[in-house]
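Please keep the sequence and the structure in view while reading.

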Amino acid sequence: MVRIFTLTLSPSLDSATITAQIYPEGKLRCSAPVFEPGGGGINVARAITHLGGKATAIFPAGGATGEHLVTLLADEQVPVQTVDAHDWTRQNLHVHVESNSEQYRFVMPGATLSDDEFRQLEEKVLAIESGSILVISGSLPPGVKTDKLTQLIQAAQRQGIRCIVDSSGDALTAALALGGIELVKPNQKELSALVKRDLTQPDDVRTAAEELVKSGKAHRVVVSLGPQGALAVDATGFVQVVPPPMKSQSTVGAGDSMVGAMTLKLAQGASLQEMTRYGVAAGSAATINQGTRLCSLADTDKIYQYLAKS
């Protein structure tokens, strides 16, 4: 099977806790924190592993938080290739409030990445064998500008590495300007920004996604539509997949689970419909968990079978 790698420039050590209620100034008594690996590409690699596949996560790791992150990934049997970073890996906090089921996500800025550290990550990426899939996911850390990312993508593409980009804003726009991106997953607002117009009519989302494919910017565009599922487009046509009605506990990790599942199917040569169904199933499976947990194989397969029959 095609080998899969992920690149995370802003990894994190994520902690999740529960408190009875939230209010200013007083001491908020919390449950013992649960620590999990975090960062876009890292979570994509974890989701692929949870679904029975294999993906190697490439990322910088610094300080005690970076060491903890690497240990947690080893516990989950996710292969890693790391670069020692001077700055400590950031730590994020997710708080679930019992009284009203509200979710609070405290996201810290990514650790600064030096030119030398970025160069070492680039060397690891360019050592990937031709034909492999590389998922670049997550935000850019301080010290890394968009042009450095696009130069890396361009160099990888020249070596025959198939790049998936799951980002937003200037980084996504710049990546698509290069052309030939294997897969992107914008939401409707991000897609509107990419085509520079409002998407208000029934066919507007599909038409805009088709424009990105026909122009050669991306081979596949999967538009995330929240509770409405996803609309996917490639050169052969389009498909929309609507998930079953389910009670959502948390949306944390749903997008990464979706990208991981689609990447796994893409590596297996699946059709657009099968890839999108599996992605929606994994994203939905992640939402039924509290905190920062990703999809599970059992839940994903159950939802996928439901979608295949509908």
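The crossing of helix 6 and helix 7 is left-handed, a crossing being left-handed if the near helix is turned anticlockwise from the far one by less than a right angle, and right-handed if clockwise. The structure is a predicted model, in which local features need pLDDT of at least 70 and side-chain atom pairs count only at pLDDT 80 or more, whereas totals for chains, interfaces and linings use all residues. Residues are numbered from 1 along each chain as its sequence is written, and side-chain values use heavy atoms, with hydrogens and water left out.

**Overall fold**

The protein chain contains 10 helices and 13 strands. Helices (H or I, at least four residues) and strands (E, at least two) are DSSP runs, numbered from the N terminus. The radius of gyration is 19 Å, close to the 19 Å given by the globule rule for 310 residues, so the protein chain is as compact as a globular protein of that length. This radius is taken over C-alpha atoms, and the globule rule is 2.2 Å times the number of residues to the power 0.38.

The C-alpha trace spans about 55 × 45 × 40 Å along its principal axes. Of the 310 residues in the protein chain, 52% are buried. Buried means under 20% relative accessible area, exposed over 50%, and partly exposed in between (1.4 Å probe, protein chains only). Among contacts between residues at least 6 apart in sequence, 65% join residues at least 24 apart; contact means heavy atoms within 4.5 Å.

**Helix pairs**

Two packed helices are described by the angle between their axes and the distance between the axes. Axes are lines fitted to C-alpha atoms, for helices over the stretch in contact, and angles run from 0 to 180 degrees between N-to-C directions.

| Helix pair | Angle | Axis distance |
|---|---|---|
| Helix 6 (residues 188-195) and helix 7 (residues 204-214) | about 55° | 10 Å |
| Helix 9 (residues 272-287) and helix 10 (residues 297-309) | roughly 130° | within 8 Å |

The angle between helix 9 and helix 10 makes helix 9 oblique to helix 10. Angles under 35 degrees count as roughly parallel, over 145 as roughly antiparallel, 65 to 115 as roughly perpendicular and the rest as oblique. The crossing of helix 9 and helix 10 is right-handed. On the helix 9 side, the contact is made by E274, R277, Y278, V280, A281, A282, S284 and A285, and these meet L297, D299, T300, D301, I303, Y304, L307 and A308 of helix 10. By class, this contact has 10 nonpolar, 2 polar and 4 charged residues. Here Ala, Val, Leu, Ile, Met, Phe, Trp, Tyr, Cys and Pro count as nonpolar, Asp, Glu, Lys and Arg as charged, and the others, Gly among them, as polar.

In the other pair, Q188, L191, L194 and V195 of helix 6 meet V205, A208, A209, E211 and L212 of helix 7. The residues of this contact divide into 7 nonpolar, 1 polar and 1 charged.

Helix 7 is mostly covered, with 8 of its 11 residues buried. The buried residues are D204, V205, R206, A208, A209, E210, L212 and V213. Their cover includes helix 5, helix 6, strand 11 (221-224), strand 12 (230-234) and strand 13 (237-241). Helix 7 is followed by G216, which has a positive phi near 85°.

A175 lies in helix 5 (residues 169-178) and counts as buried at 1% relative accessibility. Not counting residues up to four places away in sequence, A175 touches T150, I153, V165 and I181.

G40 belongs to helix 1 (residues 40-50) and counts as buried at 13% relative accessibility. Apart from its neighbours within four places in sequence, G40 is in contact with T8, S137, G138 and D256.

**Loop residues with positive phi**

Most residues other than glycine have a negative phi, and most peptide bonds are trans. Q77 has a positive phi of about 60° although it is not a glycine. Q77 lies in the loop between helix 2 (63-75) and strand 5 (80-84) and is exposed, with a relative accessible area of 68%. S101, likewise not a glycine, has a positive phi of about 60°; S101 is found in the loop between strand 6 (90-97) and strand 7 (103-106).
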